[in-house]
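Let's take a walk through this model together.

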2 protein chains.
Amino acid sequence: MEHLILLPNDELQLRLNRLRTAARRLCVTAGDPAPAALLISDNATIYYLTGRVFSGWAYVPLTDESDQEASSPVWFVRRPVEMQGENVVELRKPEEIPDKLAALHRAPVASIGLEMDILPYTTVLRLMKGFPSAKPFNASPVIALARSVKTPMEIGLMAQSGVIHEAVYSHIPALYSPGMNDFELEVAIENLARQEGCLGIFRISGQSMEFFMGNVLTGNNADVPTPYDFALGGAGKDPSLPVGACGEEIKPGSTVSVDVNGDYTGYMTDMTRVYSCGKISDKAMKAHQCSIDIHNEFRRMAVPGCAAADLYKMAFEKAKAAGLEPYFMGHRQHASFCGHGLGIEINEMPVISPRSKDILEEGNAIAFEPKFVIPGTGAVGIENTYIITSSAPRCLTNSPEEIISLL
Amino acid sequence: MEHLILLPNDELQLRLNRLRTAARRLCVTAGDPAPAALLISDNATIYYLTGRVFSGWAYVPLTDESDQEASSPVWFVRRPVEMQGENVVELRKPEEIPDKLAALHRAPVASIGLEMDILPYTTVLRLMKGFPSAKPFNASPVIALARSVKTPMEIGLMAQSGVIHEAVYSHIPALYSPGMNDFELEVAIENLARQEGCLGIFRISGQSMEFFMGNVLTGNNADVPTPYDFALGGAGKDPSLPVGACGEEIKPGSTVSVDVNGDYTGYMTDMTRVYSCGKISDKAMKAHQCSIDIHNEFRRMAVPGCAAADLYKMAFEKAKAAGLEPYFMGHRQHASFCGHGLGIEINEMPVISPRSKDILEEGNAIAFEPKFVIPGTGAVGIENTYIITSSAPRCLTNSPEEIISLL
């Protein structure tokens, strides 16, 4: 028998409070009454709440904090078997949840929050049936807001990923040999990352984006539009996964942009660095320096209270002032953002885009990636993962920022 | 400008007809009127219909086959940009679909099928708003049924994956060195697979199951229950992804069960083979032979018209007769199936489980995996990918089936 909850109790309470605070804040904004409880089953949020992935449902009361018993979560576990802990209930089907809650003397709730932006339509209908007298509400924005502010423990795990991520990147020039193509280099980097304990999976909320471990782009392949909403493209090896390396030879005069999975702890860092094969064009050098300048300005601006949209505008204006607007965040196709929250998943809040309404908070984790695609050369510009603090952002990905020669 | 549709027109028409036939068949069963059109956006089915993944919506009329113009699909493409082809329409938001359809002189439909088992609740509501006078229906079972019968072209791609899958497995003993742990061997196999062109991603329909590239299990780690509905378990390297290799040393007297990603073409094969470190117990040897015997019986039984549930029962009865029931499909935790359809995704129809209602059809692709977990030794039993034909099933994964020594 193993204990279900792998988090220290203080940490669990901190995360539950984040959910309660987020729920109240969104209700005040929307003018709704405070929601009564959440029923959570998405793996990423289950991991957030317990420190492990399990198959089942976490019932999280949001009210009655004064009554410790009534406000404690109930963990309905389908798999793995043999789990123990307070309020851990074995369960086969979600239809059994209401009866089990009644058996635990939990009062019926007036409203129940479900992950409506994540769970399939038929799954939500099935869960709703169990709570016929409760008003359903969409819990996804509440969960996203709560998870966007990382706890010190979460930041610690991200920092741990960052240290290994940096170590792996420091070996990239040694993995290169002349004549290599982008795919061969990508596979070599993936292999090193896995040897260093990278978990490999790249958690993305929702189903529209797909990715393997990384994006290694060289030459004009960096300019090939993809179906996915990633910052950069690439044709990929097959039309069933049209993104990233395509087998293009790394030629003199081109860059290699490396953006490979940093999930070493369940929490990931996101980092892009650029390598060059011989001398590259002045325009590419200038654009790379522009990206570094934008990062330096980010380090000054990105404090609690800063509007995410202002960070995008700053990046765009600097690119425009340098005459690099046609290349900013892509050339044939442009990404709609230049930064994103991350943690357990790669697409968390806040989003750094022109129309973002997000306001930075202390504890946000942001991957900032002002990049350029220069036709004939490839992609340039760096990406770092930052934690927003009361003073300057803390960078978790501290590899050298200049373009590094592979030769 | 690139052409959106990468499939030959005959192949596209064949797949559209599979959808129409499946829709009619399910309607006859349910007593519903024939559905008018589908609106599809899930990547796997978009790939099925076009031969590529794009971001957008495929509008597929199911009726009016006599009127070629009215029955041809409309391809609403958000990304990638610069796509051409008949009835290819650039689009930013799904709300614009009804107006665009009207502009193409498409008549309003009485019913519209959406992927309700896959798409998030809020996405389905958003799509429904565009068709206020159409009755929405769940298209997921129609799509699953259509895709469960593979076309000759699809079978060709799976066979191509199988050939490379076999070649990679033939090198596994050479990747092993004494003292290695399960994770080190897994990473070495992954690396070889990637070098041979494995696409890496392991498409799973729905969001509850997560996986990286493979499952390499040795000793008692094979007996650790996981949250996921895979045939076998393992603790994994981290509680954020609790499945598979955990860093356990491959010890004398234990087996190594290797079940690694066979997606080399967008279509995957699934294959498990077992390796031994020194002499293993008689019980494990017997269980492995029982798995091979079950496969031999499968080869006799699995013809069109055979009930999937009968295949499960046959496997279970053979295990029971051999006194191996406590170890069949797991020991501390048991999987609820011993085979599954596959193709673009790993969890397609039919399902080989005790309560499955699926009946085998010519063209089904089935990964059949009667396995055993023997405490103290590890997992044994093989998995093959078969195509159901009018005579005996065609095996696409023809690596040697006996236990192979690593020493």
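What follows starts with the ground rules and then turns to the contact between the chains.

This is a predicted model, in which local features need pLDDT of at least 70 and side-chain atom pairs count only at pLDDT 80 or more, while totals for chains, interfaces and linings use all residues. Residues are numbered from 1 along each chain as its sequence is written, chains are lettered from A and ligands numbered from 1 in the order in which they are written, and side-chain values use heavy atoms, with hydrogens and water left out.

Start with the interface as a whole. Contact here means heavy atoms within 4.5 Å, and 58 residues of chain A touch 58 residues of chain B. The two chains bury about 4800 Å² between them, with carbon and sulfur atoms giving 55%; buried area is the accessible area (1.4 Å probe) lost on putting two parts together, summed over both. On the chain A side, Tyr121(A), Arg194(A) and Gln207(A) supply 16% of the area buried against chain B, more than any other three residues.

The rule finds 10 salt bridges across the interface, each a side-chain nitrogen of Lys or Arg within 4 Å of a carboxyl oxygen of Asp or Glu. You can pick out a salt bridge between Glu82(B) and Arg332(A), at 2.7 Å from N to O.

Tyr121, Val124, Leu125 and Met128 of chain A and Tyr121, Val124, Leu125 and Met128 of chain B make the contact.

Finally, the backbone. Most residues other than glycine have a negative phi, and most peptide bonds are trans. Against that, the bond from Arg79(A) to Pro80(A) is cis, with omega near -5 degrees, and Pro80(A) sits in the loop between strand 4 (74-79) and strand 5 (83-84) of chain A. Another cis bond runs from Met349(A) to Pro350(A), with omega near 0 degrees; Pro350(A) belongs to strand 15 (residues 348-352) of chain A. Asn87(A) has a positive phi of about 60 degrees.

How values were computed: Helices (H or I, at least four residues) and strands (E, at least two) are DSSP runs, numbered from the N terminus.
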